[in-house]
Amino acid sequence: MQTNQILALFCGTLLVLGLIAYFLGRAKASRVRAAGAAMHAQPDQYAWFSVLSSAGPAIAVGVVGAFAMLLLGAEIPTLYLLAASLVVGCAGLAMGIALVRPDFHARKAIESVIRFFLAGAALISIFTTFGILISIVGEAIRFFQMQSFWDFITGTTWNPGASFLAAAGRAEEGASAAQFGSIPLFAGTFMITAIAMLVAIPVGLLSAIYMAEFAPQRVRTLAKPVLEVLAGIPTVVYGFFAAITVAPIIVDVAGFFGIDASFNNALAPGIVMGIMIIPFISSLSDDVINSVPDSMRQGSLALGMTKGETIRDVVVPAALPGIISASLLAVSRALGETMIVVMAAGMRPNLTANPFEDMTTVTVRIVAALTGDQEFASAETLSAFALGLVLFVVTLSLNLVSVIMIRRFREKYRINNL
Amino acid sequence: MSQSFDEISAQLRRRHRKSARLKWMSMGALGLAGLFLVLFFTDMMIKGLPAFQQAQIQVEVDYSEQASQLPLAAVQEDVRPLVSRGYLRLIPGRMEDNAELLGTTRMEWVLADSQVDQYLKGHHTRLSDSEQEVVDRLQAEGRAELRFNTTFFTSGDSKMPELAGIASAAMGTVMTLLVTLAVSFPIGVMTAVYLEEFAPDNRFTQLIEININNLAAIPSILFGLLGLAIFINFFGVPRSSPVVGGLTLALMTLPVIIISTRTALRSVPDSIRHAAFGVGCSRWQVVRDHVLPLALPGIMTGSIIGLAQAMGETAPLIIVGMVAFIPDVAASFSEAATVLPAQIFTWAGEPERAFIEKTSGGILVLLAVLISLNATAVVLRKKFERRW
């Protein structure tokens with residue numbers, strides 16, 4: 001039988017079982033109540049309880065069996081599995097009906113089952129984090145078994161070109177051994193992130209100051225959504241814009257000044273990424289500046305400071321932890337940004353300080369390694385996970401520092417809504 | 001030595017000027033962001049709007065015996081390079097389906113080659129001078145014109161620009177987002193309900209909270225690595241399929257839905273809960289019958305925004321292989337498919353000039369959908385928002 005048919009059969013049986021349980025439970029509960037006994041719950045609740053007690057175990061058996069077959073490769077005939085879950089379901093049904101008694105708290109029982117399910121759903125987010133961690137760390141370890149960790153951290157040449165030969169067992173044929181020195185990648189990532197921050201932090205912070213301190217209400221209500229639009233544009237669109245529109249402009253402008261710029265220069269993705277990040281910085285900074293207590297502004301103005309001085313010497317220093325936290329989040333965002341650099345930055349690992357040259361980033365190499373035709377077990381493919389591990393660790397620590405900073409700010413001014 | 005009043009007032013003026021300068025600078029920063037947005041949209045419009053038009057030419061199609069063998073023979077030699085090869089290729093099939101066609105000669109409007117299209121739009125073209133003359137002649141006779149490009153919306157990807165369309169990618173996006181929504185909406189809402197209404201305030205709950213905030217800030221490409229290592233390599237979900245893409249995006253969207261649902265639940269005032277508890281409701285009954293219905297508009301808004309985010313996401317989908325060349329609409333959730341942003345990415349890598357136009361056209365469609373989704377969210381919020 002096809003898997004789909006078995007699934008349909010299983011669901012159909014469960015539905016019938018559930019319906020039987022519902023009506024039997026309800027009928028019995030109504031009968032007991034009609035006989036004059038004071039029950040702890042409504043008939044409907046008894047009915048639902050018997051549905052849960054019959055379908056629940058049946059589903060559990062089915063799922064466990066399916067997992068055993070899928071993951072452990074256990075050979076269980078599907079019909080037996082179906083029969084087993086049906087038997088368990090019937091046993092559950094009998095138990096559920098037997099429990100329809102005046103002194104049984106059906107509502108509380110249902111409640112605890114629901115609670116259990118809700119907690120289970122909450123666990124999925126934890127599983128996701130663990131999933132990311134396990135998948136990345138597991139493959140990264142395989143990579144470091146092939147390549148030395150020290151070379152990965154300190155090497156200045158990234159040349160995975162020959163690794164597929166090694167994976168095919170023909171290592172000696174490769175012209176040169178594959179090298180996985182990640183420094184050029186990190187340098188490129190750092191350069192593009194720095195350019196993005198040079199654009200995003202001044203513009204984002206100043207916009208936030210304008211919106212929080214100067215702008216009339218009408219401008220505020222208009223400007224906020226406009227900035228949000230910037231954050232809502234997909235990164236692949238930004239990447240296209242950077243590659244097709246911004247990069248040629250930069251090459252032209254650089255040529256005008258006599259500088260030779262590559263079409264995959266680091267400036268184009270950097271600037272466009274900076275623009276993308278403006279709303280992250282401005283909206284969080286805006287919130288933070290708004291929650292600096294007004295008494296501080298009043299005190300400063302009462303001492304005769306001008307508005308500009310108040311903002312520069314009182315409001316911004318007070319909001320600084322929040323602003324730094326916003327900037328750190330923005331940095332972590334820029335480090336992990338993929339599409340813009342994949343489309344607009346270069347593919348060639350290049351250790352240089354000249355932003356007009358092409359350089360590549362960690363995320364570009366991850367994508368390049370995983371979209372090629374290599375076998376999964378080759379060092380190049382696995383190197384993506386090693387790079388991913390570094391990216392994960394760096395962004396995680398940036399996020400944690402940022403969370404701690406904002407919490408400190410919140411505690412200092414006793415603000416609850418940040 | 002004390003300063004004179006003149007000095008002090010000069011100093012004061014300087015300070016006020018400085019203050020004004022800060023105001024103008026900050027205004028300029030906001031203006032810069034706005035200016036970029038205007039430039040960006042203008043650029044995309046200029047590049048993308050021509051994609052919605054497509055050149056068609058009227059030629060004599062000769063459904064001869066020879067044409068069923070060699071489709072090129074169906075049109076006269078002078079216009080042969082101007083007609084889309086993709087159109088010509090269909091001729092034998094059409095003749096098989098429709099026996100009456102054999103031996104007839106008809107004047108038909110046919111899809112022009114993308115070079116003709118580019119020429120009519122005034123772009124650079126590879127057409128030779130004599131071919132350009134033919135196009136000019138056809139245009140003067142009213143036999144070559146730009147028409148609304150239905151192919152763009154009805155066909156899938158193609159290596160021939162004049163035949164490439166977004167239909168398969170759009171369908172792939174819909175299927176992927178269906179999976180995403182089906183997984184992330186129930187789990188997200190359940191998690192939020194648990195954290196807000198049921199969970200005791202202990203270490204474990206705090207761990208979940210920190211974890212969710214952290215997930216929201218993890219680079220999206222790492223979710224792609226998760227999808228590749230866990231879903232594809234471990235569970236054996238078919239690569240490039242809407243299922244694996246949808247699951248990956250679901251994990252990414254989860255934090256957004258959880259956080260917005262929690263905000264929505266928190267904005268329901270406690271008096272509602274107290275009243276419900278007061279008449280003897282259990283915790284679940286309070287949540288199901290009172291808190292959730294009141295929080296629903298907020299939850300919907302958050303989910304729509306999360307979905308819009310997932311819709312524009314490309315990086316994790318590239319990692320799980322959803323950038324394949326997909327000429328036909330995927331028939332099931334486990335078949336290879338592609339999504340709109342991935343289609344844009346693929347087209348952006350094509351060297352032909354005509355594909356820049358297609359890419360921008362695809363971007364315009366994507367942006368239009370995203371903006372309408374977000375606008376829906378805003379309208380929902382405005383309409384159902386209740387101030388307690």
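Analyst: Let's start with a ground rule: two residues are in contact if their C-beta atoms, placed from the backbone, lie within 7 Å. This is a predicted model, in which local features need pLDDT of at least 70 and side-chain atom pairs count only at pLDDT 80 or more, while totals for chains, interfaces and linings use all residues. Residues are numbered from 1 along each chain as its sequence is written, and chains are lettered from A, ligands being numbered from 1, in the order in which they are written.

User: Thanks! With that rule, what share of the contacts in chain B between residues at least 6 apart in sequence join residues at least 24 apart?

Analyst: In chain B that share is 76%. For chain A, with the separation again at least 6, the contacts joining residues at least 24 apart make up 77%.

User: How is chain B divided into domains?

Analyst: Domain 1 of chain B takes in 50-90 + 104-149, and domain 2 covers 167-384; such bounds come from an automatic or database domain assignment. The C-alpha centres of these two domains of chain B lie 44 Å apart. Eight residues of domain 1 of chain B are in contact with six of domain 2, and the domain 1 side has three nonpolar, four polar and one charged residues. Here Ala, Val, Leu, Ile, Met, Phe, Trp, Tyr, Cys and Pro count as nonpolar, Asp, Glu, Lys and Arg as charged, and the others, Gly among them, as polar. Chain A is divided as well, into domain 1 (3-128) and domain 2 (179-413), with C-alpha centres 51 Å apart.

User: How many residues of chain B are in contact with chain A?

Analyst: There are 64 residues of chain B in contact with 68 of chain A. Helix α1 (residues 5-48) of chain B supplies the largest share of the chain B side, 18 residues. By class, that side has 45 nonpolar, 14 polar and five charged residues.

User: Why is S240(B) called buried?

Analyst: A residue is buried if 20 or more other C-beta atoms lie within 10 Å of its own, exposed if 12 or fewer, and partly exposed in between, with C-beta atoms placed from the backbone. S240(B) has 23 C-beta neighbours inside 10 Å, so it counts as buried. S240(B) is found in the loop between α9 (220-234) and α10 (242-266) of chain B. The phi of S240(B) is positive, about 65 degrees, although S240(B) is not a glycine.

User: And why is T13(A) called partly exposed?

Analyst: T13(A) has 16 other C-beta atoms within 10 Å, and therefore is partly exposed. T13(A) belongs to helix α1 (residues 3-34) of chain A.

User: What makes a set of residues a nonpolar core?

Analyst: The members must be buried Ala, Val, Leu, Ile, Met, Phe, Trp, Tyr or Cys residues joined through C-beta atoms within 7 Å. The largest such core has 207 residues, and A242(A) and V272(A) have the most contacts inside it. Helix α7 (residues 183-214) of chain A gives the largest share of this core, 17 residues. Apart from it lies another core of 23 residues, including V75(B) and Y87(B).

User: How do you know that strand β1 and strand β3 of chain B pair?

Analyst: Strands pair if DSSP finds at least two bridges between them. Strand β1 (residues 53-62) and strand β3 (residues 144-148) of chain B have five bridges in the antiparallel sense, and the partner of Q56(B) in β3(B) is E145(B). Seven bridges join β1(B) to strand β2 (residues 105-111) of chain B, also running antiparallel, with V61(B) opposite R106(B) in β2(B). The strands named here are DSSP runs (E, at least two residues), and helices are runs of H or I of at least four, numbered from the N terminus.
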